[in-house]
Amino acid sequence: MTLRLYNTLSRRKEAFEPIDPANVRMYVCGPTVYDVAHIGNARPVIVFDVLFRLLRHFYGPDHVTYARNITDVDDKIIARAAEEGVAIDALTVRTTKQFHEDVEALGCLAPTREPRATEHIGDMIAMIERLIAIGNAYEADGHVLFHVPSMPDYGKLARRSLEDMQAGARVEVAPYKRDPMDFVLWKPAREGEPGWDSPWGHGRPGWHIECSAMSAALLGEVFDIHGGGIDLVFPHHENEVAQSRCAHGTEVMARYWLHNGFLQVEGEKMSKSLGNFVTVPDLLAAWPGEVIRLTMLMTQYRQPLNWTQDAMREAWRALDHWQDLTRDVEPGGLPASVLAALEDDLNTPKAIAALHELRSAAAHGSSEAAAGLKAGAQLMGLLQVDPQAWRAWRPAELAVDEAQIEEKIVARAEARKSKDFAEADRIRDELAEMGIALKDGPEGTSWEIAR
RNA sequence: GGCCUCGUGGCGGAGUGGUGACGCAGCGGACUGCAAAUCCGCGUACGCCGGUUCGAUUCCGGCCGAGGCCUCCA
């Protein structure tokens with residue numbers, strides 16, 4: 001076993017060695033629950049689920065702790081709740097429930113721990129007090145700020161010096177900051193905003209502190225892997241590192257930092273103004289969850305990913321093939337080709353290529369290849385849906401009567417039997433217009449949704 | 001302006017100092033009443049310009065192009 005991971009700290013692939021093989025610990029930044037998840041949110045969830053599965057495979061399911069937080073106190077949440085005229089709790093509970101349903105449909109295991117920020121306010125306050133006590137933070141005008149110049153090697157993760165950042169600063173600096181780079185640990189709550197009592201008055205935490213406090217509470221002061229989207233490297237992760245390392249007096253916060261790349265939609269940046277904003281619930285209405293999952297894994301996690309209909313169609317075809325060949329197959333030994341690809345910094349495209357090769361061998365009658373295909377796919381969280389469920393899946397908007405389809409198939413079979421091919425073709429065309437494609441086989445005619 | 005990624009055939013996407021992964025699409029064939037599905041077979045690539053080298057898509061430099069971060073957006 002030689003798991004290698006690209007570490008943002010060193011900008012290179014490193015052999016992964018856990019601090020404690022009996023308890024491998026990973027923290028991933030989870031959603032801010034103010035709106036339904038979009039595909040950009042889904043990428044880290046799926047990518048780190050694959051890593052979670054791989055770690056469980058290597059170290060044993062009981063020896064991996066995966067924590068993924070839920071941010072349930074935040075300016076965006078407050079703004080959205082006000083907009084909708086609903087209580088903050090109502091919004092976060094509803095959004096969290098939707099998120100759970102979505103990620104389950106995407107074939108993701110539940111993380112070992114799923115802390116919510118509001119459950120750890122006490123931990124955050126304690127950490128902020130500690131940072132003030134040791135001189136890394138100060139109170140000013142009802143706020144508590146982390147004083148960036150108090151940490152000599154701030155900027156190590158993102159690889160930017162204080163001078164660079166100050167040169168490029170475009171943000172208006174709040175008057176109470178001692179240094180333009182200082183960031184908020186605690187801020188006062190305005191009238192009607194959620195808040196907690198603290199030594200600095202009624203207020204709420206800044207964004208970064210929750211991950212520092214919760215990771216320490218659940219995983220310890222130094223843990224193995226910290227993951228998230230590449231956009232989080234700065235400032236979010238840099239600030240987490242600053243808070244945690246200063247508060248705990250440690251050399252690192254996490255030993256391996258992993259970041260997934262960004263995502264585009266049909267070649268353009270996803271944005272609401274462009275009208276190409278794709279949400280997970282919308283996708284799940286039109287495609288099986290595993291199709292979305294496989295589409296996501298067809299690109300290596302660090303590469304930019306271009307989300308297209310074509311890619312989903314390709315993923316769907318691949319899964320359909322794999323399902324066909326593994327219908328009555330029990331998963332067998334894990335193929336070395338699949339494992340080798342995943343070990344190399346989660347090279348999922350290469351692992352998928354290996355699955356294609358197994359499929360080909362299985363199609364030629366190798367039952368070993370079929371068993372390997374199933375095992376390899378399942379390690380990636382694919383082919384978990386049983387064949388009946390796979391074939392029974394229907395898009396939400398499909399408005400055809402299935403009994404009617406069967407009737408037409410029977411009518412067509414009769415027409416063919418009596419050599420009335422014009423009628424047979426008419427029926428086939430009729431179904432095609434309804435979005436139904438027929439497949440004639442030795443065991444009769446089956447149908448599927450045309451893509 | 002600063003920092004950082006990336007640029008592979010029609011498309012997606014691995015990989016490597018020297019026999020052109022893999023999938024989709026396409027083409028030819030088998031099968032079919034005709035198709036679809038399936039099976040067999042086939043083609044095309046490494047942004048541009050230099051350098052190192054016996055030899056570079058792979059290493060180095062420059063250029064061009066795309067994207068990200070520096071705005072509590074994965």
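**Entry 1: chain and elements**

I looked up the helices and strands of chain A in this predicted model, and there are 16 helices and 15 strands. Residues are numbered from 1 along each chain as its sequence is written, and chains are lettered from A and ligands numbered from 1 in the order in which they are written. As the model is predicted, local features need pLDDT of at least 70 and side-chain atom pairs count only at pLDDT 80 or more, while totals for chains, interfaces and linings use all residues.

I noted that the C-alpha trace spans about 90 × 50 × 40 Å along its principal axes.

**Entry 2: domains**

I found domain 1 (4–260), domain 2 (264–392) and domain 3 (402–449) in chain A; the bounds come from an automatic or database domain assignment. The C-alpha centres of domain 1 and domain 3 are 56 Å apart.

**Entry 3: burial and core**

I checked burial next: 42% of the 451 residues in chain A are buried. Buried means that 20 or more other C-beta atoms lie within 10 Å of the residue's own; 12 or fewer means exposed, anything in between partly exposed, and C-beta atoms are placed from the backbone.

The largest nonpolar core holds 109 residues, and I46, I128, L131, L185 and L355 have the most contacts inside it. Such a core is a set of buried Ala, Val, Leu, Ile, Met, Phe, Trp, Tyr and Cys residues joined through C-beta atoms within 7 Å. Helix α1 (residues 39–59) gives the most to this core, eleven residues. Domain 1 (4–260) and domain 2 (264–392) each supply at least three residues to this core.

**Entry 4: helix α11**

I asked which residues of helix α11 (residues 336–343) are buried, and found V338, L339, A341 and L342. They lie on the same side of α11, because their arc around the axis is only 160 degrees, taken from the directions from the helix axis to the C-beta atoms. Their cover includes α1, α12 (348–363) and α13 (367–379).

**Entry 5: a sheet**

I traced an open sheet of three strands in the order β12-β11-β13, with mixed pairing. Strands pair if DSSP finds at least two bridges between them. β12 (268–269) and β13 (305–307) are at the edges with a single partner strand each, so one side of each has no neighbour in the sheet.

Key: Helices (H or I, at least four residues) and strands (E, at least two) are DSSP runs, numbered from the N terminus. Two residues are in contact if their C-beta atoms, placed from the backbone, lie within 7 Å.
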